[in-house]
Amino acid sequence: MKQMETKTVTVGENTFYITPFPAMTAANVFGQLVKFVTPIAGGIASLAGGDKKDTSVFDMDIDAVAPALTMAAASLSGDKLEELVRQLMITHKNIVVDDPSTGEAVRLTKDIVNEMFCGEIQDMFTLAIEVVKVNYSGFFRKTAARFGPVIAALTKAAGTINTATSTPASSEN
């Protein structure tokens, strides 16, 4: 069963086991994810020149893209980000971590997240990105193929997010 396949990911010094969301849960979380990511993706598309080919972030016209980035940043909310991270990592009980103090695998909780990622928030976001990959990578790949260069550009931009601290996926049953 797909819902039982686990992806093993190492982030920082910790090993996590991510299981995919059930389909209906994934749909619910996707709605929240889209509301959060859309303004950012629009800003990234503006930075990369929108629909122009062979442009990069380094070719940007600061004066031209500043309004788009300002609008994107204005729509972000710490409360919304916290809720999204909670949905991705805790609420649906989809992540287990090897507890270094006991050697046991334990379900991720808010207390564990707070302790584990205190001072290392970039690792928390890296893990959240891994959860998105587990649950939505096929969707983005297929959407890019069907809806053309705009979605492909956004997918390419999203793919440049550095998750170098994570390891390749391996399945366990």
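Just after helix α4, G119 takes a positive phi of about 80 degrees, a feature read, like those that follow, from a model that is predicted. Helix α4 itself spans residues 110-117, and within this helix V113, M116 and F117 are buried. Seen down the axis of α4, these buried residues fall within an arc of 80 degrees, so that they line one face of the helix. An α-helix has 3.6 residues a turn, so residues three or four places apart point the same way. On the other side of α4, by contrast, D111 and E115 are exposed.

Helix α4 also meets helix α3, which comprises residues 78-91. The axes of the two helices come within 10 Å and cross at roughly 110 degrees, and α3 and α4 are therefore roughly perpendicular to each other. On the side of α3, the contact is made by R86, M89 and I90, while α4 contributes K110, V113 and F117. By class, this contact has 4 nonpolar and 2 charged residues, with no polar ones. Two of the contact residues of α4, V113 and F117, are also among its buried residues.

Elsewhere in the chain, strand β1, formed by residues 6-11, is mostly covered, since 5 of its 6 residues are buried. Strand β1 is joined by 5 bridges to strand β2 (residues 14-18), and the two strands run antiparallel. Together, β1 and β2 form a hairpin with 2 residues between them, and V11 stands opposite N14 in β2. In the turn of this hairpin, G12 has a positive phi of about 65 degrees.

Technical notes: Residues are numbered from 1 along each chain as its sequence is written. This is a predicted model: local features need pLDDT of at least 70, side-chain atom pairs count only at pLDDT 80 or more; totals for chains, interfaces and linings use all residues. Side-chain values use heavy atoms; hydrogens and water are left out. Buried means under 20% relative accessible area, exposed over 50%, partly exposed in between (1.4 Å probe, protein chains only). Helices (H or I, at least four residues) and strands (E, at least two) are DSSP runs, numbered from the N terminus. Two strands pair if DSSP finds at least two bridges between them. Axes are lines fitted to C-alpha atoms, for helices over the stretch in contact, and angles run from 0 to 180 degrees between N-to-C directions. Angles under 35 degrees count as roughly parallel, over 145 as roughly antiparallel, 65 to 115 as roughly perpendicular and the rest as oblique. Contact means heavy atoms within 4.5 Å. Ala, Val, Leu, Ile, Met, Phe, Trp, Tyr, Cys and Pro count as nonpolar, Asp, Glu, Lys and Arg as charged, and the others, Gly among them, as polar. The arc is that of the directions from the helix axis to the C-beta atoms.
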